[in-house]
Amino acid sequence: MKFLVRNLISDIERVSNIQVYGQVAAVQGMLLEAGGVQRTISVGDRCNVVARDGRRVICEVVGFRQGRALLMPYSPIEGIGLGCRTEVQDAEPVVYPDRGWLGRVINGFGDPVDGLGPLPGGDTAYPVKAQPPSAHSRSRVSGKIDLGLRSVNSFLTCCRGQRMGIFAGSGVGKSSLMSMMARNTSADISVLGLIGERGREAREFIEDDLGPEGMKRSVVVVSTSDESPLMRRQAAYMTLTVAEFFRDQGLDVLCMMDSVTRFAMAQREISLSAGEPPASKGYTPTVFAELPRLLERAGPGVGKGSITGLFTVLVDADDHNEPIADAVRGILDGHIVLDRSIAERGRYPAINILRSVSRTMPGCNNEQENALVRRARALLSTYEDMAELIRLGAYRRGTDPKVDEAIHYYPAIEAFLGQLKTEATNLQACYAQLAEVLGMPFDGDGMGRK
């Protein structure tokens with residue numbers, strides 16, 4: 001009751017004495033045109049459109065045309081016609097996150113969708129579209145974060161506050177990879193954003209992949225594919241807003257979003273409806289402007305806390321150079337590539353080590369750890385260069401000592417990279433196991449340099 005009163009008082013303080021309203025003048029596709037309000041609002045503001053049945057449809061201002069405001073609704077527009085009342089919202093879109101949100105599933109507005117009752121409200125308002133911290137005021141990326149996967153911990157070591165992309169086509173194991181990291185990470189809190197997810201898979205991911213243990217210290221933001229593009233985009237913003245709240249509590253947050261591509265598609269739908277001309281592959285310039293604004297919100301905070309970001313990118317037709325993948329790769333601090341051919345031969349996670357990179361390596365490792373990784377990568381590279389001849393039986397042992405060596409170690413390295421969903425290997429054990437596979441001495445603690 002206390003938080004409800006506090007939030008009510010805060011809302012009342014923001015209410016203006018003057019109510020501005022107009023009316024719907026045109027409806028075209030997903031877009032509403034409203035007259036009489038254009039001088040009192042700007043792009044990004046919200047309005048309520050009152051439908052014929054009295055239902056209030058929340059809309060966002062996405063542009064202006066011929067003296068009218070262009071509005072896009074967050075929900076279906078059935079029942080809205082010419083002359084419907086349009087009311088301007090004075091309050092800035094904010095939410096009041098709280099630690100009581102842990103273990104809950106919410107939508108893009110911060111409302112619960114798990115049927116477990118209302119959410120508690122915090123003391124501080126967080127804007128949904130916050131600006132990233134200043135580059136000169138935020139802390140530096142430092143200290144390893146354990147993600148529980150042998151392939152990532154050893155070959156693609158991540159640091160607290162790093163941002164990584166997971167690039168893959170459909171059905172190659174992105175969701176399974178995310179759930180393994182959420183369950184096994186050493187981060188204090190996990191915040192997961194399921195953007196444009198299939199309605200069937202959302203619940204399966206939460207109950208089967210994430211499970212009760214993973215859910216205990218997680219907040220899940222869900223927007224399914226049947227929702228409006230504004231709601232899908234809003235869910236992405238909400239994911240980062242919740243992560244920022246826990247970061248400001250001095251906690252290390254693992255923020256995972258599946259997927260950035262669906263966020264970009266939602267922004268494309270919004271921009272095209274507003275009349276913006278398409279550019280590369282139908283994506284509008286606004287899409288490429290919004291991507292860094294979203295992704296830069298992850299990273300180290302000004303104080304002690306951090307947001308380690310893992311963002312999946314659904315590559316179109318397995319083309320890793322398509323526009324969104326190319327743009328995201330240039331913004332983030334590394335990329336994990338999931339390869340369909342590896343998945344087809346039954347090795348999961350299907351990470352292509354040679355095509356993946358973490359830009360904080362080798363800076364966060366000690367020399368012994370870097371030597372292990374260089375050695376394993378060299379063996380994998382040598383084997384892959386000769387893989388076709390080896391599989392055809394055209395290579396004769398003894399022809400090249402380096403190739404013979406790669407053939408000897410390759411099965412053990414492949415077994416090391418494979419991992420069941422129920423397995424977890426910590427940072428300390430990963431390098432020790434890799435050293436054992438390669439027959440190299442190792443006496444480090446697996447934590448490298450700070």
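**Exercise 1.** How are H10 and H12 oriented to each other in this predicted model?

*Solution.* Two packed helices are described by the angle between their axes and the distance between the axes. Here, helix H10 (residues 367–392) packs against helix H12 (residues 427–438) at about 50°, and their axes are 10 Å apart. Angles under 35 degrees count as roughly parallel and those from 65 to 115 as roughly perpendicular. H10 and H12 are therefore oblique to each other. The crossing of H10 and H12 is left-handed.

Next, identify the residues. Glu369, Leu372, Val373, Arg375, Ala376 and Leu379 of H10 meet Tyr431, Leu434, Ala435 and Leu438 of H12. In this contact of H10 with H12, 8 residues are nonpolar, 2 are charged and none is polar.

**Exercise 2.** Determine the strand order of the closed barrel, and locate the residue opposite glutamate 33.

*Solution.* The closed barrel has 6 strands in the order E1-E2-E5-E4-E3-E6, and the pairing is antiparallel. From one strand to the next, the twist averages 45°. Within this order, strand E2 (residues 31–35) pairs with strand E5 (residues 68–73) over 3 bridges, in the antiparallel sense. Leucine 70 in E5 stands opposite glutamate 33.

**Exercise 3.** State which strands helices H5 and H6 lie across.

*Solution.* Helix H5 (residues 229–248) lies across strand E3 (46–50), strand E4 (56–65) and E5, and runs at about 75° to E5. Helix H6 (residues 260–273) lies across E2, E4 and E5, with an angle of about 150° to E5.

**Exercise 4.** Describe the span that UniProt assigns to the feature "domain: AAA+ ATPase".

*Solution.* The unreviewed UniProt entry places this feature at residues 160–343. The span is 47% helix and 24% strand, and its end C-alpha atoms lie 29 Å apart.

Technical notes:
Residues numbered from 1 in each chain as written. Predicted model: local features only at pLDDT ≥ 70, side-chain atom pairs only at ≥ 80, totals over all residues. Heavy atoms only, no water. Pairing = 2+ DSSP bridges. Helix = DSSP H or I, 4+ residues; strand = E, 2+ residues; numbered from the N terminus. Axes fitted to C-alpha atoms, helices over the stretch in contact; angles between N-to-C directions. Contact = heavy atoms within 4.5 Å. UniProt positions renumbered as here; feature names shortened; annotations may be inferred. Parallel < 35°, antiparallel > 145°, perpendicular 65-115°, else oblique. Left-handed = near helix turned anticlockwise from the far one by under 90°. Nonpolar A, V, L, I, M, F, W, Y, C, P; charged D, E, K, R; others polar.
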